[in-house]
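Please keep the sequence and the structure in view while reading.

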Amino acid sequence: MGKIKVAFATGIHNEFGYKGMLPWQGHPHQDKDFTAFKEFTKGCVVVMGKHTFASLPFRLPTRINVVLGSENLVAKNGDVADVYFNKPKDLNLKQWLHSLSDWYKKDVVVIGGANLVNETLAFADGVLYTRFHYRKGYEHDVSMPLLPKYIGSPYRFEQYGENETFMDITYYKRG
Ligand SMILES: NC(=O)c1ccc[n+]([C@@H]2O[C@H](COP(=O)([O-])OP(=O)(O)OC[C@H]3O[C@@H](n4cnc5c(N)ncnc54)[C@H](OP(=O)(O)O)[C@@H]3O)[C@@H](O)[C@H]2O)c1
């Protein structure tokens, strides 16, 4: 059976999204996060809410893009997803993600938004969590609900030369 994983990032005040973008858009060290994200999701099925897909410049290449929502929103360049799914209220998310994994014979990574990530964290086999540290906080209009306690074992920690801005990457693997 394939693994169900989650990849996401927050600021230290749980900032998650801002005006359909990432709160730290243009951050000088954002590339580090993209590299980790690309490696973590390579060859997987990526599952996301419709606003997350609409925030992407294009559909994520070499991955199956699955989008949840009642409208079929497109990526910024007009790309469409491989699969659109209007999730019924009583859907068992865990079962559905496993059935996607069985169908495609690939691991599945949930990549946003905030509620979908939070729901999946309850049963995920693996998590890539990047935290952007900026003490004053980033402007945001989407917050991540409080993170479960098990997100916390540092996998890699990087500090950069700037006074107030640095990033750490935390990787948690269940089991
Ligand atoms: N920090 C990060 O790691 C990260 C990652 C991804 C995105 N973002 C940012 O976050 C923002 C978008 O995220 P978002 O949370 O606002 O929206 P989102 O989750 O991408 O989209 C929300 C929509 O997805 C559909 N959906 C289906 N199942 C859902 C479920 N179980 N839980 C929640 N929604 C579900 C719903 O559409 P219907 O109402 O049509 O059913 C809902 O209105 C953008 O600013 C984006 O740049 C940040």
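## Basis of the model

This is a predicted model, in which local features need pLDDT of at least 70 and side-chain atom pairs count only at pLDDT 80 or more, while totals for chains, interfaces and linings use all residues. Residues are numbered from 1 along each chain as its sequence is written.

## Overall fold

The protein chain contains 4 helices and 10 strands, where helices (H or I, at least four residues) and strands (E, at least two) are DSSP runs numbered from the N terminus. Along the sequence, their order is β-β-α-β-α-β-β-α-β-α-β-β-β-β.

Of the 175 residues in the protein chain, 31% are buried; a residue is buried if 20 or more other C-beta atoms lie within 10 Å of its own, exposed if 12 or fewer, and partly exposed in between, with C-beta atoms placed from the backbone.

## The nonpolar core

A nonpolar core is a set of buried Ala, Val, Leu, Ile, Met, Phe, Trp, Tyr and Cys residues joined through C-beta atoms within 7 Å. The largest one has 35 residues, and Val6, Val46, Val47 and Val109 touch the most other members. Its largest share, 5 residues, comes from S1.

Leaving aside residues up to four places away in sequence, Val6 touches Val109, Val110, Val117, Thr120, Leu121, Ala124 and Val127, contact here meaning that two C-beta atoms, placed from the backbone, lie within 7 Å.

## Helix H4

In H4, the residues Leu116, Val117, Thr120 and Leu121 are buried. They lie on the same side of H4, because they cover an arc of only 135 degrees around the axis, the arc being that of the directions from the helix axis to the C-beta atoms. The buried residues of H4 pack against several elements, including S1, S3 and helix H3 (93-104).

## Around the ligand

The ligand is surrounded by 28 residues, of which Gly17, Gly49, Ser70, Gly112 and Gly113 are the closest; a residue is counted if its C-beta atom, placed from the backbone, lies within 6 Å of the molecule. This shell divides into 12 nonpolar, 12 polar and 4 charged residues, where Ala, Val, Leu, Ile, Met, Phe, Trp, Tyr, Cys and Pro count as nonpolar, Asp, Glu, Lys and Arg as charged, and the others, Gly among them, as polar.

## Backbone details

The peptide bond from Gly112 to Gly113 is cis, with omega near 0 degrees, and Gly113 is found in the loop between S6 and H4. Thr62, a residue other than glycine, has a positive phi near 60 degrees.
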